[in-house]
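This report covers domain layout, the domain interface and the ligand site. View the structure first, then read on.

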Amino acid sequence: MLQGKCIILGVTGGIAAYKAAELLRLLVKAGAEVHVVMTRSAQEFITPLTFQTLSGNPVHTELFNLIQEQEIGHISLADRADLVLVAPATANLIGKVANGICDDLLTTTIMATRAKVLFAPAMNSNMWENPIYQKNHAELKSFGYHFIEPAYGDLACGWQGQGKLPEPQKIFNSAQTLLASNTLEGKTVLVTAGPTREEIDPVRFLSNYSSGKMGYAVACAARNRGARVVLISGPVSLPEPEGVETIQVVSAQQMYQAVMDRAGQADLIVKAAAVADFRPVIRDAQKVKKGGVETATVELQRNPDILAELGKQKGSRILVGFAAETEQLLTHAREKLEDKNLDMIVANDVTQEGAGFDSDTNIVRFLTADGKVEELPKMTKAEVAELLLDRATALLPGH
Ligand code: CTP
C-alpha cells in the first residue's frame, strides 16, 4: 500500500517512544522505505538498534556526522521524503519547530523538507493543555502541518487525561491517508465560513454564534489535498490559513458578491457559512439612542440566499450546503437539499452536546441527492472535513 513511498520517522524522547517501533513495523510491512531519525533524548528510551533492525536502514541521530552526511545527508533525506512522521512528538519538539529552532537533525530535517509533516504529540495532560503548547500547535496547523490528536487515558506520569500517543495502527492510518491524498490536484474549491454581521448602526449588529471552525477545517483539508482554495470568511477570530486565498467579508450582501464573483472558477463549493437570513431595512448612520421608549422594533428585510442562487446556475459544479437545525433535522435538511438544488447537505442538530457552533467537534449526517443518508458519530471538525471531501470528491465529474 505504501510501496515506493519514502518516510522519515522522527522519534523524540517520550515514554511512548517504544510504540514507534510498532509503527515502524506497520510502515515497513506496507512497503514503505523508512529512515528513522532519533533525537538524543529518544535514545534514553529506546536504542537505535531496534529501529535499525526493523527498518533495515541506518538510524540517523547526529546533525554533524560526516559519515552519515556522505551516505545520505540530512538535506537529501529531507528532499527525498514523501512524508515526515514524528511519533511521539514531545512539547519540546513542537515548540522548537513552531519557533523556527533547528538545533538537531530532526528539527533541521523538518525545517528543510517540502514533504508533508505529520506530528503525533504525546505528553503529560497538563503540558498538553498549557496555552503555550496550544499556541505552538495551532500555529503549526495554520502553516499546514498535520496533527493526530493525542488520546485520552491513563498517562505514564500517573495523571489521567488527554496526552496519550494514539495506537500505532491509528497513526499508520493517518499517514496512509495523507500520502494518498492529492485527490483535489488541479481543482478549485470555494469555501464560505463563519457568520455574517448585519449592522443596525455603527456600534450594533445582528449575527449568530458561528465560529468559522467547520469552514476553515474544510478549507485546510482541501488545501492539503492539493486544491486551489478560496475561502470567503465572515468575521471570526481564527488565523487565515496558510496557502489559502482568504477573502474577508462582513455582511451577507458582501458574501453574496464575493461568492458570485468567484463561483465561476470553482469545481466544488462548500457553503459552511451561517449567513444571516435578514438585515435591518435601515442602517442608521449614527448610534441609535434609547430615547425614553420601553420597546423598540428593528424592521428586517431578506438577504439573498447565496446557496439557492448558486443552485440555480449550477452547471457541472458540485454544491455542498450545511443545515443547522434544532428540530426535524432530516426533514428540514432534505427540503433544503432539494429546494437549493444541492448535491449534498451536511445536517447537524445544533442542540446536541458536542455539535454545532463554536464546538471543536460535530455530529453530522450527510444527505445526498440520490436519497441516501450517512449517519456519523461525534468527531472533530477536521475529521468531518476529511469525510466531507471524500464524499464530495467522489461526486466530481470523472470520478
Ligand atoms: N445560506 C446561504 N445564504 C443565505 C442563507 C443560508 O447561502 N442567505 C446557506 C448556508 O451557508 C447553508 C445553507 O444555506 O449552507 C443552509 O442555511 P440555513 O440557515 O440552515 O438554512 P436556510 O436556508 O436559511 O433556512 P432556515 O433559515 O429556514 O432554516
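How many Å separate the centres of domain 1 and domain 2, taken over C-alpha atoms? The separation is 34 Å.

## Domain layout

This is a predicted model. The protein chain splits into two parts: domain 1 spans 6-179, and domain 2 spans 188-279 + 300-395.

## Domain interface

Seven residues of domain 1 are in contact with six residues of domain 2. The size of an interface is often given as the accessible area lost when the parts come together. Here, domain 1 and domain 2 bury about 500 Å² between them. Carbon and sulfur atoms carry 53% of that area. On the domain 1 side, S142, F143 and H146 lose the most area to domain 2. Together they make up 56% of what that side buries.

What of polar links? Between domain 1 and domain 2, the count of salt bridges is zero. Three residue pairs are in polar contact, both residues at pLDDT 80 or more. The side of domain 1 that touches domain 2 has one nonpolar, three polar and three charged residues.

## Ligand site

The ligand is surrounded by 14 residues. The closest are K271, A273, D277, F322 and K340.

Which backbone atoms lie 2.9 Å from the ligand? A polar backbone atom of P304 is 2.9 Å from a ligand nitrogen atom. For L307, a polar backbone atom is 2.9 Å from a ligand oxygen atom. For F322, a polar backbone atom is likewise 2.9 Å from an oxygen atom of the ligand. On its own, the ligand has 570 Å² of accessible area, and the protein covers 77% of it.

How values were computed:
Residues are numbered from 1 along each chain as its sequence is written. This is a predicted model: local features need pLDDT of at least 70, side-chain atom pairs count only at pLDDT 80 or more; totals for chains, interfaces and linings use all residues. Side-chain values use heavy atoms; hydrogens and water are left out. Domain bounds come from an automatic or database domain assignment. Contact means heavy atoms within 4.5 Å. Buried area is the accessible area (1.4 Å probe) that two parts lose on being put together, summed over both. A salt bridge is a side-chain nitrogen of Lys or Arg within 4 Å of a carboxyl oxygen of Asp or Glu. A polar contact is a pair of N or O atoms within 3.5 Å; within protein, one must be able to donate a hydrogen and the other to accept it, and residues adjacent in sequence count only if both atoms are side-chain atoms. Ala, Val, Leu, Ile, Met, Phe, Trp, Tyr, Cys and Pro count as nonpolar, Asp, Glu, Lys and Arg as charged, and the others, Gly among them, as polar. A residue is near a molecule or strand if one of its heavy atoms lies within 4 Å of it. Accessible areas come from the Shrake-Rupley method with a 1.4 Å probe; for residues, only the protein chains shown count as cover.
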